[in-house]
Amino acid sequence: MGKKCTICSQEAMFWVKGSSEYYCQGCAEEHFGDVSLLVPADEQAKNLKKAMEEVPEEDEDEERREEE
Ligand SMILES: [Zn+2]
């Protein structure tokens, strides 16, 4: 949420993997022709959230080990 199209500043639907460029549906089709090359913006957010959730779990595990 909150990402905007690099070209027209509308809400972005797609993200270019490995870059900081975002595109709405219309601009993605116009510039890439095939939107299957792009990552859906909400999927990128999901991956980031997953990565953030995994970190505290590891920390908790280490703390528990130190106490024993
Ligand atoms: Zn656009």
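Predicted model: local features only at pLDDT ≥ 70, side-chain atom pairs only at ≥ 80, totals over all residues.
I first looked up the surroundings of Cys-24: leaving aside neighbours within four places in sequence, Cys-24 is in contact with Cys-5, Cys-8, Gln-10, Glu-11, Ala-12 and Met-13.

Residues are numbered from 1 along each chain as its sequence is written.

**Entry: position of Cys-24**

I located Cys-24 in the loop between E2 and helix H1 (25-32). Helices (H or I, at least four residues) and strands (E, at least two) are DSSP runs, numbered from the N terminus. Is Cys-24 buried or exposed? I recorded Cys-24 as buried, because 21 other C-beta atoms lie within 10 Å. The terms are set as follows: a residue is buried if 20 or more other C-beta atoms lie within 10 Å of its own, exposed if 12 or fewer, and partly exposed in between, with C-beta atoms placed from the backbone. I also read off 6.2 Å between the C-alpha atoms of Cys-24 and Phe-14, which are 10 residues apart along the chain.

**Entry: nonpolar core**

I then asked which residues make up the largest nonpolar core. The core has 10 residues: Cys-5, Ala-12, Phe-14, Trp-15, Tyr-22, Tyr-23, Cys-24, Ala-28, Leu-38 and Ala-41. E1 and E2 each supply at least two residues of this core. A nonpolar core here is a set of buried Ala, Val, Leu, Ile, Met, Phe, Trp, Tyr and Cys residues joined through C-beta atoms within 7 Å.

**Entry: strands and sheet**

I counted two helices and three strands, and from the N terminus on the elements run β-β-α-β-α. The three strands form an open sheet in the order E2-E1-E3, with antiparallel pairing. Strand E2 (22-23) and strand E3 (39-40) stand at the edges, each with a single partner strand, so one side of each is left without a neighbour in the sheet. Strands count as paired if DSSP finds at least two bridges between them. I found two bridges joining strand E1 (residues 14-15) to E3, and the partner of Trp-15 in E3 is Val-39.

**Entry: exposed positions**

I looked up Ser-9 in the segment before E1. Ser-9 has a positive phi of about 65° although it is not a glycine. Most residues other than glycine have a negative phi. Ser-9 counts as exposed because it has 10 C-beta neighbours inside 10 Å.

Glu-43 is found in helix H2 (residues 41-67), and I recorded it as exposed, with 11 C-beta neighbours inside 10 Å. The C-alpha atoms of Glu-43 and Met-13, 30 residues apart along the chain, are separated by 9.9 Å.

**Entry: confidence**

I checked pLDDT, the predictor's confidence in each residue, from 0 to 100. The chain has a mean pLDDT of 82, and 78% of its residues reach 70 or more. Among the elements, E2 has the highest mean (94) and H2 the lowest (70).

Technical notes. Contact = placed C-beta atoms within 7 Å.
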